[in-house]
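Thanks for coming. I will take a few minutes to walk through one structure, and you can follow along on the screen.

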Amino acid sequence: MKKILILTTIIFIGFTSCKKQLDIDPRQSIDFNSALSSVDAINAAVNSVYGGLKSTALYGRDLLAVSDAMADVGFANNKSGRLVGENRNNLGAHLVLWGTAYSLINECNLILAAIPTSPGTPAQKSSWEGQMRFLRALLYFELVKTYAYIPTADIPAQNRGGVVIKTDPTNSATNAANYFPKRATVAECYNFLKTELNAAIPLLPASGSVALATQTAGRALLSRVALYNGDWSIAVTESTAALATSVGALTTAATYVSGWRQSIHPESIFEIRYATVAENVGVNTSLQTTYTGLAAIGSPTTTGGGFGDFVPTNTLLTEYQVSYPNIATFPAPAASFPSITYGADVRGQLFEWGTNFRGTRFVECTKFFGKNGQINLDNVPVFRKSELLLNRAEANYRLSLSTGGATAETAALADVNTLRSNRGLPAVTLTGTALFDEIIQQRRLEFAFEGHRFFDLKRLGRDIIKTPLNSNLLATDIRMLPAIPQGDIDGNPNMLQNQGY
Amino acid sequence: MRKLLTLLICSLLLVGNTWAQNRTITGKVLDDKKAPVSNASIIVKGTTNGTYTKEDGTFSINIQSTAKTLVISSVNFESQEVSIGKNSSFNISLYPADNKLDEVVVVGYQVQKKREVTAAISKISGDEISNMPIQSFDRAMQGRAAGVAVQSNNGIPGGPVTVRIRGIGSIQAGNEPLYIVDGVQINNSTVALNGSTGTQTNPLNFLNPNDIESIEILKDASAAAVYGARAGNGVVLITTKRGKMGKSNFTANVYWGSMSTLKLFDVLNTQEYLTQRRAALQNANPLVAPATIRATALGEMNLSSGLTDDQIAALPSYDWQREAFGTGNVFNAEMSMSGGSEKTTFYLSGSYNKTQAIVKPSDFQRGTVLMSLKHNVSKKLSVETQLNVSTVRQEATFSTDGSFLGSPTFSSSLMLPNNPIYNTNGSFYGLPSASATQPFAGILNQNIIANIYLNSNWQRTNQLVGNFKINYEIAKGLRYAGTFGMDYRLGQSDRYTDPRTPDGVGVRGRSSVNSNWNTNFITNHVLNYSTTLKDKHNLSALAGLEYRKDEAEQIGLSGTGFATPEFRTANAAATPESITGFWSGSATFSTFAKFNYNYDAKYLFSATVRRDGSSRFGENNLFATFPAFSVGWNLSKESFINKKNFFNNLVLRASWGRTGNDQIGNFDSRGLYGGASRIYNNGSAITPSQLGNPDLRWETREEVNLGLDFAFFKNRINGSIDVYDRRNKDLLLGRPIYSINGFTSVTQNLGEVQNKGIEFALNVDVVKTTNFRWQSRFNIAYVHNELKRLYDTIKILPANNSLQVGAPLGAVFTQRYAGVNPATGRPMWFDINGNITYLPVAADRVLLNGSTVLPRYTGGWTNSFQYKGFELEFFFQYEYGRIFSDGQVAFLSEIGGRSFNALRTIVDNSWKKPGDMVPWARPINGNTEVRGAGRFGGDANFRKMDYIRLKQLTFSYNLPAANLKSFGLTSARFYIQGINLWTYADWDGYDPEFTGTATGTIPQSRNTTVGLQIGF
């Protein structure tokens, strides 16, 4: 009896410190408000933004494959059913990067807000700031080029503005719930990008790993932004500056194909790195599986590959001088297949027969082929050196129409021929619109399956001519722009949805 | 000693009456199972003349010639009167007492007489669910308790079950009830160590259902409030069997059975598929020559484009479904022993169960040991323990659900029928090693049968659930009870993807192993006082406190690159692939008190209060208080109502209570940076994962319940009616914020959901004679579920438009399918104005009738017939009032839109030529017409899910005890049982009973078992 009473008393007393008993902290997360208070933590937070770029909604797949599916380079063959809607330009089948991009932008904003009071040397702080401003600008650029009209091909009647520019961090539920965003104008967006990049470039390292931001990467982005905004001389200046650095080097006709087989592409100025097998996007949505079902180069009878959902059109193959008997017949032959003949353009060699394990055999693109030692594990180039040549050529051509004159046109032609010769093609002598068309055509051939074409057509205001079988998409069609997620429109009187949604 | 006394008394009685008797009658008293009843009293009615039965149930008594009637009675049996007449030998069967009136129920930290309970509680006795070929008892609750909706997630043996008591009140927090086994709160999180590619395991697998004495379900808030913040979804109390003082009893029980498929899909053969695919390709490419289309379709099937029509007609078809779905079997053996002395009683049991599912290699193997021991140290002090140790091993198929190409359940019905399964020499067709010569045709390009035999994928759960209890009577009526309990679980999984299979060939095999530890410690200390004043005022009160701590930890790794398929352990991997780790924990501290009062069991009152503190709640809301009150009025005790004693029981009940739902994430209230998956450039990363909300707290449930318990015709008709209105408030909900913030939601307590319903349970002893008895039990529940409020003035949640004020949870908000244009075969929809459109837009969406998470009507009906030793029982279970879509059928309805097989009924009812008036559109490659929506947009794939199912049919025979005696047995029962023998449903899929999408799941099966149960 007495023992029991004592025991009970002890137990009751033991529980009086209950509030302390309820104090259980997570072990795999840290507190939000104090997270960015050490150098290591900020380094890791910076890494997280880079890591976020690997997302399928961004460079993991969509910015390359979905974008090209919407354009005129390829054909979604319905092997897994993926990209079919995008390839047909169905209403609502478009890039969906809004939420992913803004969550990364907020990470940048949080870090930028933490830097002034954070530990770290001035050099560390400026490096963080430069990288965050660069990455934020990159994300804003991808957003504005996708969700808004591009200044060089504005359609004022349908223009509902640019994207929302938010540079202050969201760090509490209260300020998040009371925030009613509003779209900036397209011009404001591009001005913001230029300001940000001009601020970021001096803070970035002159050279270093292409997996991280460098000054060259900043200039390459600014050159592309300028091209989209019609700032021709800025495009020329920045392209020239970026071409001059040793970050990335143009491959030659002899090294072009092997360049695509190397883990880090020799031309890369900035590429998204997928370093370890744990980062593999996987057999369903990686770029390799999207573009080819092959498991080994040159071996269409080896299984173990992916789907090969999105393949080049015969038109594109012909432009690469890739051919086989009856290439014009759709669809391509199935069980037996003729051998392919390649022309002088070395870029054609990245196309070869795929497998018939999941249906009809097509010629497939092998730009992404498990370069990092495992199937479906590829780094993704964001800026390659060759783009700067073409940016500069195009900008110089545009300048030649106004202030630049013949000098600029000659410079443009020289850049195109530099590229052509490094791709196994003879030099051409072209002027005027013929030269311009050649520049755009080289962009198409150089960057097919890399996500440029849709936006090149969009910024040039050109209709998208779909072959085979899908109906064409006019430049004025509302399907050129995706819908802004309805959740960001609902209940917000400030926010305008894109035309037609 | 007692027996001696009895004998003495008997002898005295006999001696005293010797001279007056004029004849002797003999007889035997048996129970309903034909086992002898000893110590039953036999008295001549109206006299003091009587005797007791012996151990073998026999008796002999001298009676006077005037004696007309014998009264036979025994504890736990209904007394029976037998007219004597001219017979001198009697065989008398006693029925177990329908002591519904004196039945006790466990109500949380105490037991109460059922008639004194003023809350809504359902009880299922262990007998009702014994020997069903199920792995966990939650499945057995299906259809047996009004208002408890039980749905098997799938047909995986030992897989999880969804249990919803009185509807569904939470949107993002858990809806699972709290399970308490012998006072230990069970951690009811389902551990699926390999995600959807591993097996699924039910947290209640640890307990052999045959070890259960009773299940009590606390349904309303006043019943559950004593469990406070954990009780918001109802509480299920499980009491395991205990030892009884007396002779040691042994029972042995064994059953075997087989399982078969309920249904296989009727899919197309090779020729029909080719026709269908050609039509789909041609419809998508109208300008392409038919010959080219023919060549393309043949090419896709890896057939030569030069085949003639005759050659095509001769092509074989292979039935992959029949190969993947086979028969399963079940074997269960168990033995138990119980007994004890005045000091110590015990119950020991051990069991082994092996169940092989209808889809190989999915299976379940379990061994359990239960020990229950009670020792009376002194008259005042007793100690007690229940200890359940179990090990469960489950092998899984390729994946439990989802559209995995390698999954036999997903792919077998969709595989192109011209793909062979085996080579002529019996080896598997189309393994990667032979890909050059044996390519697979179609999207589904894996030999799924080979996957079954080559891969391995198992999970093992070792679990210990135990408690140690001290009971001490401090003073008369005042008792202390202390419990220390633990639910400890170790889960391990090992998945090996064989390098010979398509998914393994690229990486030369992959092994992933995971280990998961769950520790749940609970202790509670309760003071219980009860007394009766002036014979009429019955008072009881209890006060207690409780502490519970949960921890979960997991590590896992995977590696690739195995020399040969014989090497299957992770250490043999050449390349480490990933390492995972996980830790989470929570703690609660609670105090509670309860007070019951009744006046002569006529006027009843009860009050409860509990205060909970939980580490899950935000720092501003760490503690919560949950009160409840209930009153009852036993009308049968009022002479003005029950003048002729017509009612055996008639209790009117009313209650109000508040409980909480703390099933929110352990750290949901915190603002966090996670060290998650965003590694980059070989460096680690930290990522903001959620915004904090220090105000975050439990969900509140308030419930009003009105009930009536009734019993009349000598208890032969009894039952209860309950109506309730339950409001779940302050729901845990991710309040959408504009994604421009970088987050899409913040977790807050918002909104309100109402569940109101009516429950009716009726038990009838339809026929009750000496030899024949027919009992019938019926229950039905209706629940109306409605979202009453969101936040601010929002009527439709921006991020999830299916959440609408006025609609039930799980509502589907989409466009209505309008059928097919008879002229073109294109699918059509209705726009918001009811006009036909080919391209429905968001504004055309409407709420679909009958779209809800839970069926509106659920229930069951049991009938049992006993004739002498024979017993026949059948049990129907039903659901009504819900629509849903079947994911597997959706794939099969593409009818050629992609290169996989199709369901014949859809093909037959699809558009083929102008003028066809049919429900389904023409096939088209890619499934989307030019400037049209996908063929399954809107509600095209939704169907009624209603069903009635003959869940259980049992025929048993209790061998007469007399025949058993020579074998040394006291009882023997032989039975044959069928599960899911018949279903009425208008459902295209394998089975209307599932949760989730039904894509690639293992469906329920039809089971037949035979068993033998003996006692000695």
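Predicted model: local features only at pLDDT ≥ 70, side-chain atom pairs only at ≥ 80, totals over all residues.

Chain A comes up now. It has 19 helices and seven strands. Its radius of gyration is 26 Å, close to the 23 Å that the globule rule gives for 501 residues, so chain A is as compact as a globular protein of that length. Along the principal axes, the C-alpha atoms of chain A fill a box of roughly 105 × 60 × 45 Å. Of the 501 residues in chain A, 56% are buried. As for contacts in chain A with a separation of 6 or more, 67% of them are between residues 24 or more positions apart.

Helix α17 of chain A covers residues 405-421, which is 17 residues. From its first C-alpha to its last it reaches 25 Å, close to the 24 Å expected at 1.5 Å a residue. Which residues of α17(A) are buried? They are A:A408, A:E409, A:A411, A:A412, A:L413, A:D415, A:V416, A:N417 and A:L419. The cover over these buried residues includes α16 (385-400) and α18 (432-447) of chain A.

Next, a single residue, A:R358. You will find A:R358 in the loop between β5 (351-353) and β6 (363-365) of chain A. Is A:R358 buried or exposed? It counts as buried, because it has 27 C-beta neighbours inside 10 Å, and the cut-off for buried is 20 or more. Leaving out residues up to four places away in sequence, A:R358 touches A:K79, A:G293 and A:F307, and also B:I443 and B:N445. A:K145, by contrast, is 213 residues from A:R358 in sequence and 35 Å from it in space, C-alpha to C-alpha.

Now to chain B, and some of its strands. There is an open sheet of three strands here, in the order β4-β1-β7 of chain B, with mixed pairing. The edge strands are β4 (58-63) and β7 (89-94) of chain B, each of which pairs on one side only. Ignoring direction, neighbouring strands of this sheet are turned by 30 degrees against each other on average. Strand β1 of chain B, residues 23-31, pairs with β4(B) over six bridges in the antiparallel sense. Within that pairing, B:I25 has B:I61 in β4(B) as its bridge partner.

Strand β5 of chain B, residues 69-73, has B:L70 and B:I72 on a covered face, while B:T69, B:V71 and B:S73 are on an uncovered one. Which strands does β5(B) pair with? One is strand β2 of chain B, residues 41-44, joined in the antiparallel sense over four bridges. Another is strand β6 of chain B, residues 80-83, also antiparallel and also with four bridges. B:L70 takes part in both pairings: it is the bridge partner of B:V44, and its partner in β6(B) is B:V82. The hairpin of β5(B) and β6(B) has six residues between the strands, and in it B:N76 takes a positive phi near 75 degrees.

Further along chain B there is B:F521, in strand β24, residues 510-533. With 16 C-beta neighbours inside 10 Å, B:F521 counts as partly exposed. Not counting residues up to four places away in sequence, B:F521 touches B:M486, B:R548 and B:K549. B:K549 is 28 residues from B:F521 in sequence, and their C-alpha atoms are 5.3 Å apart.

Last, the contact between the chains. How many residues does each chain give to it? Chain A gives 84 residues and chain B gives 81 residues. On the chain B side, the elements that give two or more residues include α5 (290-300), β25 (537-560) and β26 (575-599). The largest share of that side is from β26(B), with nine residues. By type, the chain B side has 38 nonpolar residues, 37 polar and six charged.

Strands also pair across the two chains. Strand β1 of chain A, residues 29-31, runs antiparallel to β30(B) and is joined to it by three bridges. In this pairing, A:S29 stands opposite B:G674.

That is the end of my walk-through.

How values were computed:
Residues numbered from 1 in each chain as written. Chains lettered and ligands numbered in written order. Contact = placed C-beta atoms within 7 Å. Nonpolar A, V, L, I, M, F, W, Y, C, P; charged D, E, K, R; others polar. Pairing = 2+ DSSP bridges. Buried ≥ 20, exposed ≤ 12 C-beta atoms within 10 Å, placed from the backbone. Axes fitted to C-alpha atoms, helices over the stretch in contact; angles between N-to-C directions. Rg over C-alpha atoms; globule rule 2.2 N^0.38 Å. Expected span 1.5 Å × (residues − 1).
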